[in-house]
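Please look through the sequence and the structure below before reading on.

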There are 2 protein chains.
Amino acid sequence: MQTILYAIPAFGLVALLYTAIKSAWVTRQDPGDLKMSTIARYIAEGAMAFLKAEYKVLAYFAIIASIFLFYLGYVGEKSSPIIVVAFLIGAVFSALAGFIGMRIATKANVRTAQAARTSLSKALNVSFTGGAVMGMGVAGLAVLGLGSLFIAFYYWFVQRAGASASSEQMEVALEVLTGFSLGAESIALFARVGGGIYTKAADVGADLVGKVEAGIPEDDPRNPATIADNVGDNVGDVAGMGADLFGSYVATILATMVLGREITVTDNFGGLSPIILPMLIAGLGILFSMIGTLFVRVKEGGNVQAALNMGNWSSVALTAVASYFVIDWLMPETLTLRGYAFTSMGIFWAVIIGLVVGTLISIITEYYTAMGKKPVNSIVQQSSTGAATNIIAGLSVGMMSTALPIIVLAAGIVFSYAVAGLYGVAIAAAGMMATTAMQLAIDAFGPIADNAGGIAEMSELPKEVRERTDILDAVGNTTAATGKGFAIASAALTSLALFAAFVGIAGITTIDLYKAPVLAGLFIGGMIPFVFSALAISAVGRAAMAMVQEVRRQFREIPGIMEGTGKPEYDKCVAISTKAAIREMMLPGAIALIVPILVGFGLRGVFEEVSSAEILGGVLAGVTVAGVLMAIFQSNAGGAWDNAKKSFEKGVLINGVMEYKGSEPHKASVTGDTVGDPFKDTSGPSMNILIKLMSIVSLVIAPHIAVRENPQPAPENRLDLEGAAEKVEKVAPETTVHYLATQK
Amino acid sequence: MQTILYAIPAFGLVALLYTAIKSAWVTRQDPGDLKMSTIARYIAEGAMAFLKAEYKVLAYFAIIASIFLFYLGYVGEKSSPIIVVAFLIGAVFSALAGFIGMRIATKANVRTAQAARTSLSKALNVSFTGGAVMGMGVAGLAVLGLGSLFIAFYYWFVQRAGASASSEQMEVALEVLTGFSLGAESIALFARVGGGIYTKAADVGADLVGKVEAGIPEDDPRNPATIADNVGDNVGDVAGMGADLFGSYVATILATMVLGREITVTDNFGGLSPIILPMLIAGLGILFSMIGTLFVRVKEGGNVQAALNMGNWSSVALTAVASYFVIDWLMPETLTLRGYAFTSMGIFWAVIIGLVVGTLISIITEYYTAMGKKPVNSIVQQSSTGAATNIIAGLSVGMMSTALPIIVLAAGIVFSYAVAGLYGVAIAAAGMMATTAMQLAIDAFGPIADNAGGIAEMSELPKEVRERTDILDAVGNTTAATGKGFAIASAALTSLALFAAFVGIAGITTIDLYKAPVLAGLFIGGMIPFVFSALAISAVGRAAMAMVQEVRRQFREIPGIMEGTGKPEYDKCVAISTKAAIREMMLPGAIALIVPILVGFGLRGVFEEVSSAEILGGVLAGVTVAGVLMAIFQSNAGGAWDNAKKSFEKGVLINGVMEYKGSEPHKASVTGDTVGDPFKDTSGPSMNILIKLMSIVSLVIAPHIAVRENPQPAPENRLDLEGAAEKVEKVAPETTVHYLATQK
């Protein structure tokens with residue numbers, strides 16, 4: 001066993017140690033007075049109630065998926081039932097990442113509010129440390145999980161058989177490792193979409209009954225749905241984003257490893273260098289993200305955004321520099337993947353390209369959604385003639401905002417391919433994701449600061465406290481927008497890396513649109529993001545109605561609730577919202593999981609000369625292209641509507657007149673913001689996971705639908721092929737034959 | 001020369017004769033009293049003013065495009081400057097088709113209103129005959145133009161050289177003929193998008209100033225923009241749809257011809273049968289459309305929809321039966337295209353598949369946009385909580401409505417390919433388009449009836465007149481929805497046929513998404529419909545503002561305008577709207593025309609192993625998939641919003657309460673309808689032309705970017721290759737060499 005391998009889980013352990021220490025530090029901070037901590041406790045309880053309800057449902061899903069995976073691993077060539085272990089660990093780690101994030105966010109929010117009583121510097125320190133706990137936790141779990149499972153599977157499948165790093169045994173080891181990614185990403189789907197439906201249902205429900213019917217202010221603790229609303233912010237912005245990036249991070253590394261196996265090299269690491277490089281870069285990214293957090297410091301009256309940028313850029317720059325030396329040290333000078341030759345320096349340039357693409361897309365996203373910039377201003381101006389023109393303007397901004405990111409992405413694909421082939425496309429994604437820990441720290445800081453502001457308001461803290469949290473919150477809005485851009489860019493590159501890995505495992509050499517079934521697959525794939533979005537958007541509407549019913553019931557039935565003497569049943573609202581969210585998620589979730597299986601297995605042997613794997617490739621291409629476009633369109637339209645509405649808070653000049661909150665144009669902008677809510681927080685971000693999950697499912701089933709040069713060997717012969725897997729007990733010829741028969 | 005060839009333009013002449021006779025009949029009908037004819041005259045004058053302004057601008061465009069085409073034809077191998085002639089005839093014929101349609105529609109509207117004084121039967125007769133004049137005119141011009149140009153080019157390029165039907169000379173002849181399609185489609189782009197911006201700008205502008213500011217009723221002749229509004233209905237619904245289908249009709253036939261050339265057959269028609277089959281089927285479709293019009297008859301109190309269906313189905317069924325015999329008579333029993341063998345009966349089945357796909361997509365479109373059906377009802381119900389939920393519901397319906405049409409389309413691609421290869425995909429499109437004349441007759445009948453109702457209202461005709469026109473108008477709303485579905489389906493299949501033809505001419509054998517630049521092209525292509533839609537939608541907003549300024553000026557400056565003694569300058573409004581529409585069209589139009597040229601020529605030789613033609617193929621696939629999706633999404637969302645609003649006219653039950661016009665939910669639905677206006681009448685339908693035009697531009701430049709087995713011969717040698725073209729004068733080596741040099 002190569003010693004270097006052990007470095008990888010070690011990076012993960014260091015990150016988790018950091019998480020534990022910093023988490024303890026945050027917990028030690030002052031949670032403020034009784035009123036503050038009571039509100040915070042309601043939110044924390046609600047968040048845990050949500051997680052409990054969600055994980056219960058997901059447990060059933062995990063069991064069903066495990067049975068299917070066990071069956072696939074059992075009957076399939078180049079696979080193993082051990083994939084179930086990887087799958088379950090991936091699912092549990094993803095859930096754990098969400099748990100860690102939610103837990104720290106619901107602690108840091110109130111402590112940030114309290115810290116803001118002292119100074120801006122201290123408030124930033126608490127909120128950002130909360131974010132860093134989340135970021136390091138996610139990255140640490142990912143690297144620990146991937147690294148130790150790889151060591152185990154490498155030993156079990158490859159080393160025991162004395163096989164090489166580019167052997168078929170290694171293909172099996174990596175196929176089994178894909179289960180980890182599948183587990184992570186399918187939990188992420190529920191976390192992101194369920195969370196998205198949840199938060200918007202609670203938001204709309206709380207407003208409709210509380211503000212409109214009962215006449216109590218927003219964020220009033222007497223409203224049973226208010227806590228759900230605040231929980232929702234954590235569920236959507238913290239846990240959802242965390243699960244999303246955890247999934248991307250794992251999938252990217254894995255796809256690069258799968259592609260790396262196809263590169264036969266002679267190096268000092270048993271030929272493993274192309275496989276372990278992405279894990280090492282990820283480990284370095286964690287290390288330098290930790291160092292980067294040291295730069296996030298601000299003085300009273302200082303620039304918070306600059307402090308965050310300093311932290312971000314230093315970690316990015318250090319990782320880039322370090323990856324130069326790692327690549328130089330680890331990799332042989334020239335490599336060849338699928339006939340495309342490139343150098344180790346090409347790999348380094350691919351890392352740089354990934355970093356540049358991620359940065360550019362973040363900047364473009366900020367431009368299209370930032371207050372004071374032309375796109376948001378155009379929406380503000382068109383609010384003067386009512387809600388209809390406001391909506392038209394927002395839709396137009398969202399659609400237009402697809403242009404530049406797609407051009408950057410297309411250029412990134414072409415250039416990273418040029419410098420290092422398909423391995424370059426994958427490593428560009430890996431490079432971009434290397435500092436995920438820092439990205440998440442910055443992303444999670446936003447909702448923590450936002451919550452802190454809310455708690456400060458509800459607890460009637462002094463004015464300067466609110467002013468300090470407002471500074472943090474404003475920066476948080478910007479980081480939320482750039483974070484979404486980063487998430488989209490990473491999902492797109494990750495999907496492409498998975499796509500390339502799928503092609504290799506599935507044994508196809510082209511995905512040729514010239515073939516009618518592949519073109520038909522492209523159409524079907526392109527349609528899925530539209531249908532998925534439609535389901536997610538309409539689910540928010542239905543779930544909000546369920547919330548309204550429950551809040552009305554509590555107001556009616558709980559004595560003393562309006563006087564503040566009866567305690568509202570927050571958990572009921574949380575459960576209602578969760579239940580509705582999970583139920584509404586079934587159909588879209590099923591589409592993402594089942595379509596690749598239907599196409600991959602259902603179309604096997606249906607068309608002469610066109611394999612089902614190639615058709616599935618067409619479907620994936622369609623999903624990826626339409627999914628990325630719909631993600632950008634919906635996220636940016638929603639973000640722009642939101643900030644158009646916020647522009648009225650400071651007043652805007654329309655046709656020579658200053659318009660403020662409460663004016664007719666402002667009311668029109670509120671309508672736009674409401675339309676944008678499910679766009680930016682439910683359907684838009686779900687697109688990321690949709691495209692990744694469909695690619696991962698395809699990658700998992702790839703060996704089972706693979707096009708082989710020779711027909712599949714009879715079950716008896718197969719054992720020899722799989723030597724190392726030692727599935728001595730598993731030969732059940734009648735089952736296997738039946739299975740094969742149904743495929744023809 | 002094969003005698004059968006002369007039958008084709010003969011079909012066209014018969015159709016034009018029909019047009020002339022029926023047009024004269026409509027003109028002879030009673031135009032009603034002075035008030036009616038005055039209103040009608042205003043509309044007719046406005047329509048002509050629009051055409052005049054539009055055609056003036058388009059003349060400049062035609063000149064610039066002609067210069068570029070002349071240059072391409074001059075320097076290009078396998079091309080000829082004669083393409084300019086085809087281009088100009090195509091452009092003029094397309095303009096002529098729009099002219100005929102507008103002219104008859106603005107005559108038939110008032111005469112339908114007058115006829116409705118007598119009976120429903122007479123009103124249907126006048127309005128449907130008006131539609132039929134348009135339909136036959138469009139189809140007749142298309143078949144006459146294509147048929148006679150083909151005869152001319154066949155003689156000039158092929159017969160004089162004694163070359164065969166599948167020779168390179170024939171390739172040149174068809175390449176030159178593509179110019180006709182390019183001319184038709186580029187005029188269609190302006191007619192559809194310019195018209196769409198125009199009509200919505202006038203609509204919004206007239207309402208904002210007339211109803212809101214001046215307090216005069218809708219459709220009041222004192223409002224200078226009212227006529228523009230009524231003109232807009234004709235411009236958008238009659239001329240726009242006509243130009244769109246004229247373009248699809250021509251492009252489909254042409255694409256099938258180009259593919260047909262690649263099939264080498266021994267038949268009784270000099271090997272021409274696969275080339276002339278689509279023209280013959282189109283000719284038959286005209287004949288049976290004429291016969292079908294005889295079935296469109298209704299008694300007082302009868303079912304108008306049933307009468308239209310009777311006419312439609314009889315023409316479709318007769319054409320299907322006739323095409324069986326024509327195929328059996330014309331085609332050899334077995335054919336092979338690009339290695340795919342199929343039978344003549346396979347071709348017949350492809351025709352049937354095309355008809356089924358078109359019908360199914362029309363039915364699905366109707367379901368998603370019809371009053372009383374579940375999708376529209378869901379929007380109605382969600383209007384109860386305001387404009388935001390109404391908008392969310394409509395967006396959701398629009399996105400969801402992409403699922404079934406795409407599945408039908410994908411199945412159509414696969415099945416038509418299975419029965420007759422790529423020729424089958426093209427002939428399916430041709431089969432679907434065969435009865436375009438009847439489709440257009442039914443489509444154009446709607447806006448004529450709509451206008452008739454408006455004229456009846458404005459002229460204060462007796463109540464029963466309005467009741468009769470209302471019956472026709474209601475049916476017209478349904479035919480408008482199904483017509484849009486048909487237009488989208490035809491555009492999609494047409495684009496695929498063009499796509500297949502492009503691949504052949506460009507000399508590529510794969511469009512492989514596995515290659516990074518092709519995948520990047522797919523992303524770029526997919527983004528274009530989003531950007532195009534954004535431009536079209538925001539153009540409506542800007543153009544409406546210009547209209548508002550002009551109407552305000554006239555109210556201020558023209559004495560006696562409000563008393564009815566001063567005549568409003570309708571033509572100024574028309575010119576303003578036209579000018580704005582044309583100006584706003586420049587950028588989206590340029591994108592459609594220039595992107596294929598940039599990709600095709602700009603990326604020549606940039607990538608080793610990946611030709612620019614293959615990348616352009618990726619771009620086209622992206623445009624087609626995203627364009628079809630955005631077309632369905634936007635058209636259906638807009639249609640559903642419209643009918644959700646209309647549902648309130650008869651009253652709807654929401655939460656147990658009947659809600660009518662003027663209620664809060666109704667007001668919310670009006671906002672949705674306004675958002676839907678540019679969706680369904682501007683950006684949505686423009687997608688059809690966008691995808692077709694980009695495919696045609698690619699087909700035109702295909703021979704110039706083609707991948708050749710051998711490098712391009714030096715200019716001196718080329719003359720031999722082109723023998724028949726006799727470009728004796730044209731050798732200008734220094735220019736040519738310079739041109740070639742810039743390409744490397």
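How many salt bridges does a search of the whole structure find over all chains? In this predicted model, the search returns 53 salt bridges when all chains are taken together. Side chains of opposite charge can pair when their charged atoms come close. One such pair is formed by Glu467(A) and Lys463(A), whose closest N and O atoms are 3.4 Å apart. Both residues belong to helix α14 of chain A, which covers residues 463-505, and they are four residues apart, about one turn of the helix. An α-helix has 3.6 residues a turn, so residues three or four places apart point the same way.

Another helix of chain A to follow is α2, which runs over residues 34-75. Its 42 residues reach 60 Å from the first C-alpha to the last, close to the 62 Å expected at 1.5 Å a residue. At the start of α2(A), the backbone nitrogen of Lys35(A) has a side-chain oxygen of Asp33(A) within 3.3 Å.

The relation between the two chains comes next. The same surface serves both copies, since 98% of the contact residues of chain B recur in chain A.

Where the chains meet, 59 residues of chain B are in contact with 59 residues of chain A, and the two chains bury about 5,500 Å² between them, 87% of it on carbon and sulfur atoms. Tyr514(B), Phe523(B) and Phe530(B) supply 15% of the area that chain B buries against chain A, more than any other three residues.

Several helices of chain B, including α11 (387-400), α12 (403-433) and α14 (463-506), each supply at least two residues of the side that touches chain A. The largest share of that side, 16 residues, comes from α15(B). By residue class, the side of chain B that touches chain A divides into 45 nonpolar, twelve polar and two charged residues.

How values were computed:
Residues are numbered from 1 along each chain as its sequence is written. Chains are lettered from A and ligands numbered from 1 in the order in which they are written. This is a predicted model: local features need pLDDT of at least 70, side-chain atom pairs count only at pLDDT 80 or more; totals for chains, interfaces and linings use all residues. Side-chain values use heavy atoms; hydrogens and water are left out. Contact means heavy atoms within 4.5 Å. Buried area is the accessible area (1.4 Å probe) that two parts lose on being put together, summed over both. Ala, Val, Leu, Ile, Met, Phe, Trp, Tyr, Cys and Pro count as nonpolar, Asp, Glu, Lys and Arg as charged, and the others, Gly among them, as polar. The expected span of a helix is 1.5 Å times one less than its number of residues. A polar contact is a pair of N or O atoms within 3.5 Å; within protein, one must be able to donate a hydrogen and the other to accept it, and residues adjacent in sequence count only if both atoms are side-chain atoms. A salt bridge is a side-chain nitrogen of Lys or Arg within 4 Å of a carboxyl oxygen of Asp or Glu.
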